[in-house]
Amino acid sequence: MSIVSKMLKRIKSKGISDTFGFAMHITLGLIDYYINPFAKKQSRLQKPDYERIRKDFETAGIEIIPYKVNVDNFHNWLKEADFPKDYINSYGDVFIEKALEHYVGTKLLELQKDDVLIDVAAAGSPCFEISEKMYGCTAYALDLGYPTGINGRRIGADATAMPLPNNFATKIALHCAYEMFEGDADIRLLPEAYRVLAGG
């Protein structure tokens, strides 16, 4: 889906004034960030109350499991992953955060040679290619912005209605993407992922 069609969709669902305000907020923020030498290069948002978030999850019956990153292993993984230079440059100072997301994702998924991975809302990420190279699995990137249909290892589709058969994949990843699912799309993704994922 192109930027223009995304904006038109937003106008339809949110209204023109909300969409214009959102676009201006993003534009002015980017101008300030890149042009203003005195701009703070960090979020002005309040720091999240992680303890309250943890309690909210536990109250809802969701177990929180602490996860510790082995920094040496991460650095070794980063060397082996060998991210493309243009991808590194496109993220600038936050590249290391993106790489950490991919690292933790691959570790939690415990990717193996016989896995079929779908990286959902992949955009320009090389994660699916890196996963194939490092773990020998079969990997796909899925995104609304790709041409519609299955084109090699890229799938242009809405993740809530994947053009894939039942039990197609063994693993699905979303790297800093789930929060972008608007309306009830976050809820609709779950049964679709359940359908596409093989048992276990």
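**View 1. Salt bridge between Lys 98 and Glu 101.** In this predicted model, the side chains of Lys 98 and Glu 101 form a salt bridge with an N to O distance of 3.0 Å. Both residues belong to helix H6, which spans residues 95-109. They are three residues apart, about one turn of the helix. Lys 98 and Glu 101 are both buried. The structure holds eight salt bridges.

**View 2. Salt bridge between Arg 153 and Glu 132.** The side chains of Arg 153 and Glu 132 meet at 1.9 Å, N to O. Arg 153 is partly exposed, because its relative accessibility is 34%. Glu 132 also counts as partly exposed, at 26%.

**View 3. Salt bridge between Glu 192 and Arg 195.** The closest N and O atoms of Glu 192 and Arg 195 are 2.8 Å apart. Both residues lie in helix H8 (residues 185-196), three residues apart, about one turn of the helix. Glu 192 has a relative accessible area of 10% and is therefore buried. Arg 195, at 25% relative accessibility, counts as partly exposed.

**View 4. Salt-bridge network of Glu 51, Arg 54 and Glu 58.** Salt bridges link these three residues in a network. Side chains of opposite charge can pair when their charged atoms come close.

View 5. Ile 53 is located in helix H3, residues 50-59. With a relative accessible area of 30%, Ile 53 is partly exposed.

**View 6. The second largest pocket.** The volume of this pocket is about 570 Å³. Its lining consists of Phe 57, Ile 62, Glu 63, Ile 64, Ile 65, Pro 66 and Tyr 67. By class, six of the lining residues are nonpolar, none is polar and one is charged.

**View 7. Positive phi at Ala 123 and Asn 167.** Most residues other than glycine have a negative phi. Ala 123 has a positive phi, near 50°. The residue is in the loop between strand E1 (116-120) and helix H7 (127-135). Ala 123 is partly exposed, with a relative accessible area of 41%. Asn 167, not a glycine either, has a positive phi of about 60°. Its loop runs between strand E3 (154-156) and strand E4 (171-174). Asn 167 is partly exposed, with a relative accessible area of 49%.

Methods: Residues are numbered from 1 along each chain as its sequence is written. This is a predicted model: local features need pLDDT of at least 70, side-chain atom pairs count only at pLDDT 80 or more; totals for chains, interfaces and linings use all residues. Side-chain values use heavy atoms; hydrogens and water are left out. Helices (H or I, at least four residues) and strands (E, at least two) are DSSP runs, numbered from the N terminus. Buried means under 20% relative accessible area, exposed over 50%, partly exposed in between (1.4 Å probe, protein chains only). On a 1 Å grid over the protein atoms alone, a cavity is a set of points where a 1.4 Å probe fits but cannot get out, and a pocket is an open set with protein on both sides within 12 Å along at least five of seven lines; lining residues have an atom within 4 Å of a point. Grid points are joined across faces, edges and corners, and a volume is the space filled by probe spheres set on the points. Ala, Val, Leu, Ile, Met, Phe, Trp, Tyr, Cys and Pro count as nonpolar, Asp, Glu, Lys and Arg as charged, and the others, Gly among them, as polar. A salt bridge is a side-chain nitrogen of Lys or Arg within 4 Å of a carboxyl oxygen of Asp or Glu.
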